[in-house]
Amino acid sequence: MDSRLVVLGSSGAWPGAGHACSGYVLEHRGFRVVLDFGYGTVGPLLTLLDSHAGDGVDAVVVSHAHADHMGDLHAFYRARWFGARTAPPIPAFAPPQVRDQLWAVESIDGPDDGAIDRVFTWHKLPAAEYTVGPWRLESADLPHYVPNAGVRLVSDDLVVAYTGDTGPSPVLAELGRDADLFIVECTDYTQLAEPKKEQLHLNARTAAEAARDAGAKRLLLTHFWPGVDRERTARDVAEIYDGEVLVAREGLVVGL
Ligand SMILES: [Zn+2]
């Protein structure tokens with residue numbers, strides 16, 4: 001397994017035509033982590049895995065409980081529960097609200113029989129530090145409408161950081177410090193005719209400043225509001241950030 005990141009979805013809020021919402025597969029040293037499960041990510045994930053049951057995922061990380069980051073966590077849960085019930089649970093790292101929201105969907109089938117705790121073992125984010133396969137998983141609370149954990153995965157030869165959803169914050173420079181790949185939300189409302197309030201999301205300028213201040217080697221822009229001109233966003237970013245700028249799209253493979 002080569003070290004790589006595969007984009008499952010790149011839209012914020014709702015999928016938009018031809019897109020899915022936030023989701024990424026990170027593969028390194030034979031260990032596969034899924035970062036976020038936005039709307040429409042599980043079909044492509046199962047294709048990548050070549051497994052209807054979702055076999056081959058070693059850990060999951062969910063940044064926060066908004067549905068554009070975890071709507072398909074329930075789909076993945078179902079793949080495991082109906083397709084691989086006797087398999088060992090998968091470690092899941094997430095703010096506690098993520099389990100609550102998963103249960104809110106699942107609970108229509110009756111009282112809690114522990115199924116979501118047999119599919120996943122839950123580990124709270126943010127937290128001091130976890131060892132996850134070849135990674136040291138660090139995390140930080142970032143400003144958003146609900147608790148959101150930015151994550152930083154550190155191995156002895158690679159650093160990958162991911163913001164989830166965030167407003168501007170000095171913490172971003174530490175989260176992405178010298179990262180080989182910094183995955184940064186760039187909702188970029190500012191392109192819209194009637195810009196929405198965006199204190200708790202990033203735009204081209206604030207995303208670029210975060211990557212620049214972190215000294216990140218490569219920046220992957222993602223979580224675009226549907227309808228945003230992504231190439232225009234990337235050009236705006238490149239005026240502030242000198243490193244390589246990548247624009248997320250479904251199926252993009254980033255070698256690491
Ligand atoms: Zn959000």
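Visitor: In what order do the seven strands of the open sheet with β7 stand, and how is the pairing described?

Guide: The order is β7-β8-β9-β10-β11-β12-β13, and the pairing is mixed. This is a predicted model, where local features need pLDDT of at least 70, side-chain atom pairs count only at pLDDT 80 or more, and totals for chains, interfaces and linings use all residues. Residues are numbered from 1 along each chain as its sequence is written, and side-chain values use heavy atoms, with hydrogens and water left out.

Visitor: What makes β7 and β13 edge strands?

Guide: Two strands pair if DSSP finds at least two bridges between them. Strands are DSSP runs of E, at least two residues, and helices are runs of H or I, at least four residues, numbered from the N terminus. β7 (130–132) and β13 (244–247) each pair on one side only. That makes them the edge strands.

Visitor: How do you know that β8 and β9 pair?

Guide: Seven bridges join β8 (residues 135–142) to β9 (residues 148–154). The definition asks for at least two. The two strands run antiparallel.

Visitor: Why are α3 and α4 called roughly perpendicular?

Guide: Helix α3 (residues 73–83) and helix α4 (residues 96–106) pack at an angle of about 70 degrees. Angles of 65 to 115 degrees count as roughly perpendicular, under 35 as roughly parallel, over 145 as roughly antiparallel and the rest as oblique. The helices α3 and α4 are therefore roughly perpendicular to each other.

Visitor: Which residues make the contact of α3 with α4?

Guide: L73, H74 and Y77 of α3 meet V98, L102, V105 and E106 of α4.

Visitor: Why do β6 and β14 count as edges of the other sheet?

Guide: That open sheet has the order β6-β5-β4-β3-β2-β1-β14. β6 (120–124) and β14 (253–255) each have a single partner strand, so one side of each is left without a neighbour in the sheet.

Visitor: How do you know that β1 pairs with β14?

Guide: Three bridges join β1 (residues 4–9) to β14. At least two are needed. In β14, V253 is the bridge partner of V6.

Terms used
Axes are lines fitted to C-alpha atoms, for helices over the stretch in contact, and angles run from 0 to 180 degrees between N-to-C directions. Contact means heavy atoms within 4.5 Å.
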